[in-house]
Amino acid sequence: MDLLEAIQQRRSTRAFLDKPVERETLERLLLLATQAPSAINMQPWEIAVVSGEERQRLSRLLVKRMRERRISCGPGATKRLPEVVVERQRELLRCIQPTLDEGTDFNDFINEGSCNFYGAPTAIILTVDEAFSSARFTDIGLVVGYLVLAAHGMGLGTCPIGLITAFEDDIREYLNLPEEKKVVVGVAVGYRDEASPINRSRSSRAPLKEVVRWRE
Ligand SMILES: Cc1cc2nc3c(=O)[nH]c(=O)nc-3n(C[C@H](O)[C@H](O)[C@H](O)COP(=O)(O)O)c2cc1C
């Protein structure tokens with residue numbers, strides 16, 4: 001598949017087929033993802049791959065914690081966000097809500113769905129050692145960017161899951177990781193359920209004039 005086509009086509013997958021992704025396929029995907037550039041080639045990412053029954057066990061734990069602690073997906077902002085950004089969040093809701101079963105609340109769907117990795121057979125969890133500065137989150141972002149595009153090129157669907165950072169301690173314990181590892185993001189990986197309406201919804205992007213400042 002052409003790279004530019006993949007960039008244009010890719011959208012997050014929120015319904016997956018009940019079909020495992022083979023180990024060799026995941027290895028190929030991770031080999032491609034880790035071709036991402038990183039500052040001084042430090043490759044600060046650490047990657048855990050959780051599949052099958054283990055993925056379900058992890059999700060049961062996350063859903064339990066989400067309900068106990070009433071965790072909900074949000075922008076994670078420390079200050080009030082500009083209206084234009086808030087409107088982009090509303091646009092995502094307007095894009096997804098019509099694809100949900102009647103009576104399904106958008107936030108409940110996203111919260112439960114995220115903890116369940118939307119039923120994907122594999123969850124990839126990216127962590128970074130706290131010895132690195134927060135600037136290295138950029139590197140993790142790049143590897144996730146490569147991962148979602150490579151997956152698309154390989155016929156796989158993905159959805160980045162930032163909500164899991166709310167359960168950092170639980171995930172660390174689950175993965176048997178020491179305290180100095182920070183959970184940055186998860187990615188649901190699997191085969192797309194093409195029949196599901198949610199996978200046909202396409203979020204839009206702000207026009208360039210809203211996000212680019214030219215100086216020439
Ligand atoms: C860092 C990051 C965290 C995200 N976290 C979640 C999440 O927790 N749950 C979810 O459903 N989608 C999550 N997403 C997916 C975004 O909602 C999605 O990328 C965005 O709406 C744009 O849609 P698209 O991926 O279909 O182009 C996340 C995306 C990124 C990049």
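With a relative accessibility of 10%, R172 counts as buried. This is a predicted model, so please read each value below as computed from it.

R172 sits in helix α7, which covers residues 168-175. Where does the side chain of R172 reach? It comes to 3.4 Å from the backbone oxygen of E179. Once neighbours within four places in sequence are set aside, the contacts of R172 are L177, P178, E179 and K181.

**Helix α6**

Let's turn to α6, a helix of 17 residues spanning 137-153. From its first C-alpha to its last, α6 reaches 24 Å, close to the 24 Å expected at 1.5 Å a residue. Its buried residues are D139, I140, V143, V144, L147, V148, A150, A151 and H152. What do these buried residues pack against? Their partners are the helices α1 (3-9) and α2 (23-33), together with the strands β2 (122-129), β3 (157-161) and β4 (181-190). After α6 comes G155, which has a positive phi, near 85°.

**Cysteines**

How many disulfides does the model hold? The count comes to zero. A pair of sulfur atoms would have to lie within 2.5 Å, and the two cysteines below can be set against that cut-off.

| Cysteine | Closest cysteine sulfur | Distance |
|---|---|---|
| C73 | C115 | 8.4 Å |
| C95 | C159 | 12 Å |

For C73, the gap to the sulfur of C115 is too far for a bond. C95 is likewise in no disulfide.

**The largest pocket**

C73 also turns up in the largest pocket, as one of the residues closest to its centre. This pocket holds about 1,400 Å³ of space. It is lined by 39 residues, and those closest to the centre are R14, C73, R88, Q89 and L92. Which elements give two or more residues to the lining? They are α4 (83-96), α5 (106-115) and β3. Of these, α4 gives the most, with 12 residues.

Note on methods
Residues are numbered from 1 along each chain as its sequence is written. This is a predicted model: local features need pLDDT of at least 70, side-chain atom pairs count only at pLDDT 80 or more; totals for chains, interfaces and linings use all residues. Side-chain values use heavy atoms; hydrogens and water are left out. Helices (H or I, at least four residues) and strands (E, at least two) are DSSP runs, numbered from the N terminus. The expected span of a helix is 1.5 Å times one less than its number of residues. Buried means under 20% relative accessible area, exposed over 50%, partly exposed in between (1.4 Å probe, protein chains only). Contact means heavy atoms within 4.5 Å. A polar contact is a pair of N or O atoms within 3.5 Å; within protein, one must be able to donate a hydrogen and the other to accept it, and residues adjacent in sequence count only if both atoms are side-chain atoms. On a 1 Å grid over the protein atoms alone, a cavity is a set of points where a 1.4 Å probe fits but cannot get out, and a pocket is an open set with protein on both sides within 12 Å along at least five of seven lines; lining residues have an atom within 4 Å of a point. Grid points are joined across faces, edges and corners, and a volume is the space filled by probe spheres set on the points.
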